[in-house]
Amino acid sequence: MIYNLNMQRQLKIMFVCLGNICRSPMAEFIMKDKIRERGLAKRVQVFSCATSYSENGNPVYPPAVSKLKKEGVTIYPHASVTIEKEDYDKYDMFIAMEKRNIERMMLKFGNDPDNKVSRLLDYSDNPRDIADPWYNDDFDTCYKDIVEGVDALIDYIIQNRL
Ligand code: 4NP
């Protein structure tokens, strides 16, 4: 936990997917808009990263950008980065898009002594993986899943972490 200049706690949240060009940046951008709308922007910082190195430096996948724009979500400059072991101490929560991301993260971290690692839709009433749009181009379902998860995550954070 770090503190800003007003000595308020700031929660640092890292969204994690395989490539950091579709699901985790979508979650990052959607969450940034929602925390701003709910007056939490000074209390919560949001980031995203990959478990793989395959997309390093790449921007958000264009169909994902199109979907976000269509939904009125703010788009930020982006370059895919990969999670590293040292990141464990730098963030408060690592929110995976799917179970596989947790397995890959744990290979890096070794263990999770502070219970920082979880899956986005485990905060919802219907725990499951976020739909992966990579092989079917279904960004509508992916977007809906992420909104469901982010809304549930924000409720959890307000009730338990701020
Ligand atoms: P993301 O999507 O993990 O949501 O960023 C993918 C990006 C790249 C690949 C798979 C999924 N890939 O196989 O290269």
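**Aromatic rings and their neighbours**

In this predicted model, the ring of tyrosine 76 has the charged end of lysine 32 sitting over it, 4.5 Å from the ring centre. A second contact of this kind involves lysine 12, whose charged end sits over the ring of tyrosine 91 at 5.3 Å from its centre.

Tyrosine 91 also belongs to an aromatic cluster, which it forms together with Phe47, Tyr88, Phe94 and Phe109. Rings can also be taken two at a time. A pair of aromatic rings is described by the distance of the centres and the angle of the planes. The structure holds nine such aromatic pairs. One of them joins tyrosine 91 and phenylalanine 94: the ring centres are 5.9 Å apart and the planes stand at 70°. Planes over 60 degrees apart count as edge-to-face, so this pair is edge-to-face. Tyrosine 91 and phenylalanine 94 are both buried.

Tyrosine 123 and tyrosine 156 form another aromatic pair, with 5.0 Å from centre to centre and 55° between the planes, and this pair is tilted. What parts does the pair tie together? Tyrosine 123 lies in the loop between β5 (117-119) and α4 (139-160), while tyrosine 156 lies in helix α4 itself, so the pair links parts that are 33 residues apart in sequence. As for accessibility, tyrosine 123 counts as partly exposed because its relative accessibility is 21%. Tyrosine 156, at 27% relative accessibility, also counts as partly exposed.

Technical notes: Residues are numbered from 1 along each chain as its sequence is written. This is a predicted model: local features need pLDDT of at least 70, side-chain atom pairs count only at pLDDT 80 or more; totals for chains, interfaces and linings use all residues. Side-chain values use heavy atoms; hydrogens and water are left out. Rings of Phe, Tyr and Trp (its six-membered ring) pair if their centres lie within 6.5 Å; planes under 30 degrees apart count as stacked, over 60 as edge-to-face and the rest as tilted. Buried means under 20% relative accessible area, exposed over 50%, partly exposed in between (1.4 Å probe, protein chains only). Helices (H or I, at least four residues) and strands (E, at least two) are DSSP runs, numbered from the N terminus. A charge sits over a ring if NZ of Lys or CZ of Arg is within 6 Å of the ring centre and within 35 degrees of the ring normal.
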